[in-house]
Amino acid sequence: MSQKGILSPAESGEFIAKHSKHVKIIENAFERLTNEILSSVKTNQLVMPDTGADNIHPSKDHAKAVDWVFITDALNFCFWSRSKKEQWVVDGFTGYYALEAALNRAVKNGVDIANPEFYSKITKEQLWDIMKGDNDVSIPLFDERLRVLHEVGAILLEKYHGTFETCVKEANKSAIKLLDIVVNNFPCFRDEAVYKGQAVSFYKRAQILVADLWNFFNGTGWGEFVDIDKMTMFADYRVPQVLVYFGVMSYSDELMKKLQNDVLLESESEEEVEIRGCSIHAVELLKKSIEKKIKEKDLNVDVPNSSLIDYFLWCYRRKHAKEVECIPYHKTLGIYY
């Protein structure tokens, strides 16, 4: 998809990679990561590294499962911290899984967290109680999360009969159509920037919302999308770290020094846009590398789509955190990832 002169995420990634000066894709270095991914393809499926977090997902048969996925991804942004002491932790989980744990706990405590009638008017005190961590550290960007809940809740009530299921029905099994609906109607998902005079898009949270539905429902029912392969990876701050760890991407000395010194990168800055855009294009090239290897070896497996490759890389970082942490990840404050 591309609209209003804005390049789609895939087009944006290619454009940014072509003009990038702080981040480079190393096309002759794909072999190791390609083999790593192919070694994890079992019985024709890419097996994700175990992160030990299955018990905090609700059942796909839950009456509000679609709306639970929606509200989780509406709040799925900015979990990084400068040190372990500053990490937000819920029931022993950190990052995105801490969010899932907090929402899962709220559901168990009888909080109607998936209902826009509730969260469109949620108070600071109510959200504070839901997001209470194991220590005194609060969830990052608390006020922004409160605003997002009010925004998406009001829109669902006004336009979509109070449920994200209406949006999924309107999409008629098209991932691209659902992405359009989300980006065009929910401003907090409109993840765009201007780079070298060109409007570009990443749509990290909007794309992961679509892919999470597909993954959560195993590509059936509410998660059936005939064009899921048109999604790109979800440009965040952890997957680029893994790509650099495997040598698929590299940073300039200047950028690497900034990251090592924990310098905050401004949202939509040239360096931040290049990290995210090159990550998208690198995964598209990685997918082609995997496809080529499958053909060369005449393997009877499907080429994993970009969403699955992203899930794999993100889970790999969680599983191999100590090894991967030798590569610094960029830090940006914002609601888009």
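At what angle do α3 and α4 pack, and how far apart are their axes? The two helices meet at about 135°, with axes 10 Å apart. An axis here is a line fitted to C-alpha atoms, for helices over the stretch in contact, and the angle runs from 0 to 180 degrees between N-to-C directions. That angle makes α3 oblique to α4; angles under 35 degrees count as roughly parallel, over 145 as roughly antiparallel, 65 to 115 as roughly perpendicular and the rest as oblique.

Before going on, a word about the model: it is predicted, local features need pLDDT of at least 70, side-chain atom pairs count only at pLDDT 80 or more, and totals for chains, interfaces and linings use all residues. Residues are numbered from 1 along each chain as its sequence is written, and side-chain values use heavy atoms, leaving out hydrogens and water.

## Helix α4 and its partner α3

Helix names follow DSSP runs (H or I, at least four residues, for helices; E, at least two, for strands), numbered from the N terminus. The crossing of α3 and α4 is right-handed; such a crossing has the near helix turned clockwise from the far one by less than a right angle, and a left-handed one has it turned anticlockwise. On the α3 side, W68, I71, T72 and D73 are in contact (heavy atoms within 4.5 Å) with Y96, L99, E100, L103 and V107 of α4. By type, this contact has 6 nonpolar, 1 polar and 2 charged residues. For this count, Ala, Val, Leu, Ile, Met, Phe, Trp, Tyr, Cys and Pro are nonpolar, Asp, Glu, Lys and Arg are charged, and the others, Gly among them, are polar.

Most of α4 is covered, with 11 of its 14 residues buried. Buried means under 20% relative accessible area, exposed means over 50%, and partly exposed lies in between (1.4 Å probe, protein chains only). The buried residues include G95, Y96, Y97, A98 and L99. Their cover includes α3 (65-74), β4 (89-90), β5 (93-94), α6 (124-130), α10 (204-216) and α14 (306-319).

Y97, a residue of α4 (residues 95-108), is buried, with a relative accessible area of 7%. N76 is 21 residues from Y97 in sequence, and their C-alpha atoms are 9.7 Å apart in space. After α4 comes G110, with a positive phi near 85°.

α14, part of the cover over α4, is itself largely enclosed by the rest of the structure, because 12 of its 14 residues are buried. Among them are F312, W314 and R317.

Helix α13 covers residues 270-296; at 1.5 Å a residue its 27 residues should span 39 Å, and its end C-alpha atoms, 38 Å apart, agree with that. The expected span is 1.5 Å times one less than the number of residues. Of the 27 residues in α13, 20 are buried, so the helix is mostly covered.

| Helix | Angle to α13 | Distance between axes |
|---|---|---|
| α1 (residues 9-19) | about 115° | 7 Å |
| α2 (residues 31-38) | about 65° | 10 Å |

The crossing of α1 and α13 is left-handed. In this contact, P9, A10, G13, E14, I16, A17 and H19 of α1 meet V273, E274, G277, C278, I280 and H281 of α13. These residues divide into 7 nonpolar, 4 polar and 2 charged.

α2, in turn, passes α13 in a right-handed crossing. Here E31, L33, T34, N35, I37 and L38 of α2 meet L286, S289, I290, K293 and I294 of α13.

## Positive phi values around the chain

Just after α13, D298 takes a positive phi of about 55°. E268 has a positive phi near 75° in a residue other than glycine; E268 sits in the loop between α12 (253-260) and α13 and is partly exposed, with a relative accessible area of 45%.

Which other loop is worth a look? H161 lies in the loop between α7 (142-159) and α8 (165-171), and its phi is positive, near 55°. With a relative accessible area of 71%, H161 is exposed.
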